[in-house]
Amino acid sequence: MFNQSFNPRSVTFNIIFLNILFFLVTGIIGARNPELKQLADNYCALHYPASPLFMPLQLVTYMFMHEGFMHIFGNMFGLFMFGAILERVWGPQRFFIFYFVTGLGAALTYIAVQAFVVYRISGSVHPPLEIVNQSMQLTEIYLVPTLGASGAIFGILIAFAMLFPNMELMFLFFPVPIKAKYLVGGYLIYEIWGAQANNPNDHVAHFAHLGGALFGFILVKIWNRNRNHLY
């Protein structure tokens with residue numbers, strides 16, 4: 001797995017490289033000029049489509065933006081651990097498609113949930129700005145962007161659990177083997193709980209994670225509908 005992930009020709013390597021590059025560049029920019037860092041977030045992070053800051057390219061670029069070291073480390077660790085195996089199973093082209101379809105699916109799912117919230121508050125998915133400015137929740141949806149590769153990573157996790165459900169995994173800080181299907185299943189239960197809890201202090205885009213997992217599940221099912229085994 002190590003050799004496959006760090007083969008410069010592999011999709012996994014190149015996605016990790018681009019994420020780290022984006023992180024370093026925006027980090028250097030932010031340290032020297034916070035205004036330029038804000039500009040990078042405005043252009044590259046994902047905004048609600050009715051927001052004046054939204055651009056279609058953000059549906060892709062948001063996957064390469066991260067907020068803090070632990071955010072990018074967790075996502076790239078998951079990509080390194082599980083993405084490399086899926087790339088070996090599927091090949092680079094199919095893995096590339098899978099990664100970006102699940103990342104896009106995560107974004108669309110999250111936008112759909114935002115649109116539902118906006119409609120519930122204002123009666124429209126695209127209310128005029130004077131109405132938006134009267135609601136703190138609407139203002140947050142319009143101005144606070146979403147960023148990170150977590151949606152695509154959740155797609156990878158669900159695919160790994162579907163292909164290798166009984167593979168036992170062991171982590172450094174949890175030295176007890178646990179099967180992939182139970183680990184990923186427990187993670188999804190946590191995300192569902194987090195999504196419905198609606199904690200105002202929780203800034204994790206749980207619905208984006210669930211959307212990535214859903215699109216990953218559907219894509220694996222489609223690819224394997226005429227096969228008796230997933231691999």
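1. The crossing of helices H5 and H9 is left-handed, a term used when the near helix is turned anticlockwise from the far one by less than a right angle, with clockwise giving right-handed. The model is predicted, so local features need pLDDT of at least 70 and side-chain atom pairs count only at pLDDT 80 or more, while totals for chains, interfaces and linings use all residues. Residues are numbered from 1 along each chain as its sequence is written, and side-chain values use heavy atoms, with hydrogens and water left out.

2. The axes of H5 (residues 69-90) and H9 (residues 150-163) come within 9 Å and cross at roughly 45 degrees; helices here are DSSP runs of H or I with at least four residues, numbered from the N terminus, and axes are lines fitted to C-alpha atoms over the stretch in contact, with angles from 0 to 180 degrees between N-to-C directions. H5 and H9 are therefore oblique to each other, the class left after roughly parallel (under 35 degrees), roughly antiparallel (over 145) and roughly perpendicular (65 to 115).

3. In the contact between these helices (heavy atoms within 4.5 Å), H5 contributes residues including Leu79, Phe82 and Trp90, and H9 residues including Ile153, Ile156 and Phe160. The residues of this contact divide into 12 nonpolar, five polar and no charged, where Ala, Val, Leu, Ile, Met, Phe, Trp, Tyr, Cys and Pro count as nonpolar, Asp, Glu, Lys and Arg as charged, and the others, Gly among them, as polar.

4. The largest nonpolar core has 46 residues, and those with the most contacts inside it are Leu79, Trp90, Phe98, Tyr99 and Ile156; such a core is a set of buried (under 20% relative accessible area) Ala, Val, Leu, Ile, Met, Phe, Trp, Tyr and Cys residues joined through side-chain atoms within 4.5 Å. Its largest share, 11 residues, comes from H9.

5. Leaving aside residues up to four places away in sequence, Phe98 touches Trp90, Gly155, Ile156 and Val220, among others. Val220 is found in helix H11 and is buried, with a relative accessible area of 0%. Val220 and Gly155 lie 65 residues apart in sequence and 9.6 Å apart in space, C-alpha to C-alpha.

6. H10 and H11 pack at an angle of about 140 degrees, with their axes 8 Å apart, which makes H10 oblique to H11. The crossing of H10 and H11 is left-handed. Among the residues making the contact are Leu188 and Ile192 of H10 and Phe207 and Leu210 of H11, and by class the contact has seven nonpolar, three polar and one charged residues.

Conventions
Helices (H or I, at least four residues) and strands (E, at least two) are DSSP runs, numbered from the N terminus. Buried means under 20% relative accessible area, exposed over 50%, partly exposed in between (1.4 Å probe, protein chains only).
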